[in-house]
Each structure stands twice: as structure tokens, then as C-alpha cells.
Amino acid sequence: MASGGLQLLGFVLAFLGWLGIIISTAMPQWKMASYAGDNIVTAQALYEGLWMSCAMQSTGQIQCKVYDSLLKLESSLQATRALMVAAILLGLVGVFVAVTGMKCMKCMEDDQVKKMRMAVFGGVIFIIAGLSALVATSWYGNRVARAFYDPFTPVNTRFEFGSALFIGWAAASLALLGGAFLCCSCPRSETSYPPSRGYPKNAPSTGKDYV
């Protein structure tokens, strides 16, 4: 029962992390314009994401523009896109594989060994998906930080971390933690020894056996 509860907890955490990766990928707030040290009060906030850039007016109106050409984008942005999409697809595969290996499901009940292996394999897939999302978000955040502290970057073109980055970091951590719990939920197989055979006891000898 303890391994079953750990398995269920790992799946819930990994599934929430996968949903967070999807939300983070779709959000346009990967980086937001920074006004630190700028005395000019602006009437709009600028955001940039993986797929579009947005401007929010002081009235609350948001205008977004999807990036026109894929070839005009930076190679680092394209790589970040690819890693996040790969994390989403891996997470989708991990969901189906882990559900098949869950103890509360009736799939593959006739072979418990394969069922446990499926759960562990699903956990490994979630770990790979979490690592992919973690690399993508950390790489993007490193680029934003380096551009912010670059003295040659104009003040009005500096950006800070957006909310999508923090959601991506939290989601990647949940996917890693959930995948680790799924991998640890497999109980260790105990070594079984064959039953010891008892030696027959010698019957007490009597004088009748001898002539």
C-alpha cells in the first residue's frame, strides 16, 4: 500500500508538472520590459514569449503579434521552442505509460512485473521531460540575465524574467520530482530461497537386524 500511495503521488505531481509546462510554453510572458533606472513613466508594458510579443496598455487592453517568419528568429529561441515542445510530447507519452503501470488500474493485471516496469518507465519519461523543460527555461533565463547586465544594452531595451519562466521552473521541478517518485515506487524483489529439505532420521537399530 505504501508503494501504491507513493506511485499515485508521483503521478499527480508529474501530471501537474506536465500541465505547467504546457501553460508556460503557451504564455507570452517569458520576458518583460524592465524600467529599472528609467525615469520615464510608460503607458504600456511589453512582453515577449516563444510564439508572440505583446503590449499591454494602461487601460488593460492587450495587443499581441505572432512572429512572422520562423527563419528570422534567433537560433536560441528556436532551440528553446524545440525543447519545450519535446517536453510536452514526452510528457504526453509519459502519462499514457504511467497510467498503464498504475496499481489502481486494471491494465496488465496478469503480469505484475511488467506492470511495475511500465510505471518505472513512465517515471523515466517524466524525468526526461522535466530535464528538457528545465534546460529550456534556464537557457532562456540566462540569455535574459546576460542581456540585462550587458553595459552595451540600451536601458529601454532591457528585459527581466517573466512569469512564464517561473511557471516553467516550477513545472519542471514537479515533473522531475513526480518521475523520481514513480521510479522509487517499484518495490524491491525479495530473494526467495527454496525450502530446505529435512534429512530423514535414522530409525533406531535393533538386535533383530543382525543374525
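Trainee: How much space lies in the largest pocket?

Mentor: This is a predicted model, in which local features need pLDDT of at least 70 and side-chain atom pairs count only at pLDDT 80 or more, while totals for chains, interfaces and linings use all residues. Residues are numbered from 1 along each chain as its sequence is written, and side-chain values use heavy atoms, with hydrogens and water left out. A pocket is, on a 1 Å grid over the protein atoms alone, an open set of points where a 1.4 Å probe fits, with protein on both sides within 12 Å along at least five of seven lines. With volume taken as the space filled by probe spheres set on the points, the largest pocket holds about 190 Å³.

Trainee: How do the residues of its lining divide into nonpolar, polar and charged?

Mentor: Lining residues have an atom within 4 Å of a point, and here they are K31, E48, G49, Y67, L73, E74, L77, Y140 and R143. Asp, Glu, Lys and Arg count as charged, and Gly is among the polar residues. The lining therefore divides, under that scheme, into four nonpolar, one polar and four charged residues.

Trainee: Which residue stands opposite M56?

Mentor: Strands are DSSP runs of E, at least two residues long, and two of them pair if DSSP finds at least two bridges between them. Strand β3 (residues 52-57) and strand β4 (residues 62-66) pair in the antiparallel sense over five bridges. Four residues lie between the strands of this hairpin, where G60 takes a positive phi near 100 degrees. Opposite M56 stands, in β4, I62.

Trainee: Why does T153 count as buried?

Mentor: T153 is found in the loop between α3 and β5 (159-161). Leaving aside neighbours within four places in sequence, T153 is in contact (heavy atoms within 4.5 Å) with A147 and R158. T153 counts as buried because its relative accessibility is 15%.

Definitions and conventions
Buried means under 20% relative accessible area, exposed over 50%, partly exposed in between (1.4 Å probe, protein chains only).
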